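Thanks for coming, everyone. Have the sequence and the model ready.

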Amino acid sequence: NTYLEANNCTFMEAEKAVLGFDHAEIGGQIARHWNLPIELCHAISCHHDPEQRGSIDTLASIVHVANAVSLAAGIGLGADGLRTSVNSSVLERLHIDEVVFENIIDKLVKRVSDAQPLFEMEALN
């Protein structure tokens, strides 16, 4: 978090600067090592930029949107969840209106908030 704050950058930019690579690249390499289908490997490695190579990859787009929704709702890793943006071209490709996208995030945040007490149960003595 210190690097993020000091450099006012995204989590991925900090990963690249500090480690020299980001989690999407490593995830894609691990998927290839596990001999997963090439479509999955590509979706994993390109989920932050589904428009690579001049076209929009549908599976990478779905992962991109799911990642943005999850982080905006506070689910998963990444210190910049509220700063995570979704590519508007990707939303168009998936036929998702931006208002619908915002509603999805709002509903997910509410459901996560409603479920929070389930994760705060005290241990039984």
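**Helix contacts and a core**

Glu 39, Leu 40 and Ala 43 of H4 meet Leu 59, Ala 60 and Val 63 of H5. Contact means heavy atoms within 4.5 Å. Helices are DSSP runs (H or I, at least four residues), numbered from the N terminus.

Some ground rules. This is a predicted model, where local features need pLDDT of at least 70, side-chain atom pairs count only at pLDDT 80 or more, and totals for chains, interfaces and linings use all residues. Residues are numbered from 1 along each chain as its sequence is written, and side-chain values use heavy atoms, with hydrogens and water left out.

Back to H4 and H5. Nonpolar covers Ala, Val, Leu, Ile, Met, Phe, Trp, Tyr, Cys and Pro; charged is Asp, Glu, Lys and Arg; the others, Gly among them, are polar.

The axes of H4 and H5 come within 8 Å and cross at roughly 40°. Axes are lines fitted to C-alpha atoms, for helices over the stretch in contact, and angles run from 0 to 180 degrees between N-to-C directions. So H4 is oblique to H5. Under 35 degrees counts as roughly parallel, over 145 as roughly antiparallel, 65 to 115 as roughly perpendicular, and the rest as oblique.

Next pair. H5 (residues 58-72) packs against H7 (residues 98-119) at about 45°, with axes 9 Å apart. That makes H5 oblique to H7. From H5, the contact uses Val 65, Ala 68, Val 69 and Ala 72. From H7 come Phe 101, Ile 104, Ile 105, Leu 108 and Val 109. What classes are these residues? Nine are nonpolar, none polar and none charged.

Now the core. The largest nonpolar core has ten residues, including Ile 56, Val 65, Val 90 and Phe 101. Such a core is a set of buried Ala, Val, Leu, Ile, Met, Phe, Trp, Tyr and Cys residues joined through side-chain atoms within 4.5 Å. Buried means under 20% relative accessible area, exposed over 50%, partly exposed in between (1.4 Å probe, protein chains only). H5 gives the most to this core, four residues.

Last, the loops. Asn 35 lies between H3 (23-33) and H4 (38-45). Asn 35 is not a glycine, yet its phi is positive, about 60°. Is Asn 35 buried or exposed? Exposed, with a relative accessible area of 67%. His 95 sits in the loop between H6 and H7. Its phi is also positive, near 60°. His 95 counts as exposed, at 74%.

Note on methods
Helices (H or I, at least four residues) and strands (E, at least two) are DSSP runs, numbered from the N terminus.
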